[in-house]
Amino acid sequence: MTKEMPEELSSALIGEDELGLAIRSHLYIENLLDELLRTLIPFPDHYDEMNLTYALKVKLACAMGLDPELKSMLLVLGSIRNQFSHNLNKRIDETMVKDLHSKVAAKVREDMPWILAQLRDDGKKVSFQDAHPRDQYFALVSSLWVILNSAIAQAKDEIHA
């Protein structure tokens, strides 16, 4: 993974309340899934006509070559979005983050301390377990965002090779 905080994502999500963080982060991830699928599908004009649910997009992306270890994490992210979209008082809590973290692929874990340090004013590294659930959630989503962008770049390179 890159050693840069994803600027597009961080500028959109830092400062959001928890509802905004959950909904907007899911929106960013789903848009990356759409871009990946449009890149991988030979005739992408037909993709939009398919009107797929988020869960089907995740499954199709894995069928098209996305690392299957990401499937569970992506599906839990969709579940979290649904929890927030149906409950105004929902909070990002330890249980939610533990569920998401339990589905994390090894490649997502690599930069977790580094991403968490970027969220701190003092820049000190902090273990994932010691971070606030909101920061844990942000770090997980940021890692996923970087991985999906990397998959898109790789797919585009393979098409143009």
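Where helices H5 and H9 meet in this predicted model, Met73, Leu74, Leu77 and Ile80 come from H5, and their partners in H9 are Tyr137, Leu140, Val141, Leu144 and Leu148. Sorted by type, the residues of this contact come out as nine nonpolar, no polar and no charged.

As for how the pair is arranged, H5 spans residues 71-85 and H9 spans residues 133-160, and the two pack at an angle of about 130° with their axes 12 Å apart. The crossing of H5 past H9 is left-handed.

H5 also turns up in the surroundings of another helix, H4, whose buried residues pack against H5 as well as against helix H2 (18-40) and helix H3 (45-50). H4 itself covers residues 54-63, and its buried residues are Tyr54, Lys57, Val58, Ala61 and Cys62. These five sit on the same side of H4, because the arc they cover around the axis is only 135°. Just past the end of H4 comes Gly65, with a positive phi of about 125°.

Of the 161 residues, 45% are buried. Looking at contacts between residues at least 6 apart in sequence, 69% of them join residues at least 24 apart.

Key
Residues numbered from 1 in each chain as written. Predicted model: local features only at pLDDT ≥ 70, side-chain atom pairs only at ≥ 80, totals over all residues. Heavy atoms only, no water. Axes fitted to C-alpha atoms, helices over the stretch in contact; angles between N-to-C directions. Helix = DSSP H or I, 4+ residues; strand = E, 2+ residues; numbered from the N terminus. Left-handed = near helix turned anticlockwise from the far one by under 90°. Contact = heavy atoms within 4.5 Å. Nonpolar A, V, L, I, M, F, W, Y, C, P; charged D, E, K, R; others polar. Buried < 20%, exposed > 50% of the residue type's maximum accessible area, 1.4 Å probe, protein only. Arc of directions from axis to C-beta.
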